[in-house]
Amino acid sequence: MVQILRKLLFPFAILYGWITGFRNFLFNKGVLESREYKTPLVCVGNLSVGGTGKSPMIEYLISFLKEDYSIAVLSRGYKRETSGFLEVTEIHNAAQVGDEPLQFKKKYPDITVAVCADRRTGIAKLEEKADVILLDDAFQHRKVSPAVTILLTPFHDLFIEDYMLPTGNLREPRSGSKRAHCLVVTKCPPRVPYAKLQEIELRMPIYNHQKLYFSSIGYSREIFNKTESLPLEYLQNKNFTLVTGIADPSPLVNFLTEKEFRFTHKAFPDHHMYSSAEIEQLKEKEIILTTEKDYMRLHDKIDKFALFYLPIQTEVLKEQAEFFEDFIIKSIDKKRLG
């Protein structure tokens, strides 16, 4: 029924595509200003709504850039209860700053993390604190001109096969991909045939100024709670509840299923803020495994030992990783040296 309704709304998708396309046209022609900054900005985003792996990509960038640069991450802090510019600290909670910014700060306490819906305001406040600013989910923020723009598209839901909202999931026309400096096909399955990657490469609209990379999701061999870490095998032969409030939990569900774990899955919408009733229901579960992002929203509400999270990370295709990192670093240094 939902699919039929979305098809019936196709005329609105055309209208939405025209509106967003015209907005891009005005920015491209300089009618609307896209401001540049002295500090290199690295934008991570997508054309579609839903999970494309932006947070793991931000963490991937932090992990190899923080050794040579002071890093700041700027996010809007989706669904936070506060407003304006706010620098994230480890004592904040997800309701105050958003789950993903809090996750970045807790995992990388030495970097600067801030939330601000107005990216220009946020950048202005962070320029003195960082050599490089990573912009989380900022592809549609045309008022800012990044030094590097990374466009993500999932392996099983490529933007070239999608349509504009409300018929599909695209925020803007496919032609918007031309703004990216590199495209990354995320969530590639393990052991994907090279012929399939070649097929995607031939189908993707790659321009002369762009590069294409492939990445997959890697899962930790350990699970974590407030006080310790345990081997993932701790969950073997145990019945546990998997709790997810992310856009696409299927890779995690498939991973656990392939390992023959026994679990019940309770799925909630992306960035879900758990109600008091839901929290009380979850407290009754003997063992809970959740995502790192959900843990940011749950750990201060469910005070029990057996609330664990399983970290994930982006893994760029082995033979491409060095080239991808080198491309990002060279683009940053080119901007810094002017």
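**Strand β1 (residues 41–46) runs parallel to β5, to which 4 bridges join it.** The model shown is predicted: local features require pLDDT of at least 70, side-chain atom pairs count only at pLDDT 80 or more, and totals for chains, interfaces and linings use all residues. Residues are numbered from 1 along each chain as its sequence is written, and side-chain values use heavy atoms, with hydrogens and water left out. Strands are DSSP runs of E with at least two residues, helices are runs of H or I with at least four, and both are numbered from the N terminus. Cysteine 43 faces leucine 135 in β5. Helix α6 (residues 119–126) packs on the sheet and touches β1, β2, β4 and β5, where contact means heavy atoms within 4.5 Å. The direction of α6 makes about 160° with that of β2; axes are lines fitted to C-alpha atoms, for helices over the stretch in contact, and angles run from 0 to 180 degrees between N-to-C directions.

**Strand β6 (148–154) is enclosed on both faces.** Val148, Ile150, Leu152 and Pro154 are buried on one side, and Thr149, Leu151 and Thr153 are buried on the other. Because 7 of the 7 residues of β6 are buried, the strand is largely enclosed by the rest of the structure. A residue counts as buried under 20% relative accessible area, as exposed over 50%, and as partly exposed in between, with a 1.4 Å probe and protein chains only. Strand β6 pairs with β1 in the parallel sense over 5 bridges, and threonine 149 is the β6 bridge partner of cysteine 43. Another 5 bridges join β6 to β7, and these strands also run parallel; here isoleucine 150 stands opposite cysteine 182.

**An open sheet of 9 strands has mixed pairing.** The strand order is β3-β4-β2-β5-β1-β6-β7-β8-β15. At the edges stand β3 (86–87) and β15 (312–316), each with a single partner strand, so one side of each has no neighbour in the sheet. Two strands are taken to pair if DSSP finds at least two bridges between them.

**Helix α5 (residues 99–107) is mostly covered, with 7 of its 9 residues buried.** The buried residues are Asp99, Glu100, Pro101, Leu102, Gln103, Phe104 and Lys105. They pack against helices α3 (54–65), α4 (94–97) and α10 (292–298), and against strands β2 (71–75), β4 (112–115) and β5 (132–136).

**Helices α3 and α11 (residues 318–337) cross at roughly 75°, and their axes come within 11 Å.** The two helices are therefore roughly perpendicular to each other; under the angle classes used, under 35 degrees is roughly parallel, over 145 roughly antiparallel, 65 to 115 roughly perpendicular and the rest oblique. From α3, Met57, Tyr60, Leu61, Phe64 and Leu65 meet Ala321, Phe324, Glu325, Ile328, Ile329 and Ile332 of α11. The residues of this contact divide into 10 nonpolar, no polar and 1 charged. In this grouping, Ala, Val, Leu, Ile, Met, Phe, Trp, Tyr, Cys and Pro count as nonpolar, Asp, Glu, Lys and Arg as charged, and the others, Gly among them, as polar.

**A cis peptide bond joins leucine 165 and proline 166.** Its omega is about 0°. Proline 166 lies in the loop between β6 and β7 (182–186).

**Arginine 191 and histidine 271 have positive phi values.** Most residues other than glycine have a negative phi, and most peptide bonds are trans. For arginine 191, phi is about 60°; this residue lies in the loop between β7 and α7 (194–203). Arginine 191 is exposed, with a relative accessible area of 77%. For histidine 271, phi is near 60°, and the residue is placed in the loop between β12 (262–267) and α9 (276–283). Histidine 271 counts as buried at 9% relative accessibility.

**Glutamate 36 is located in the loop between α2 (10–28) and β1.** The residue is exposed, with a relative accessible area of 55%. Residues up to four places away in sequence aside, glutamate 36 touches Ser145 and Lys335. The C-alpha atoms of glutamate 36 and lysine 143 are separated by 8.9 Å, although the two residues are 107 residues apart along the chain.
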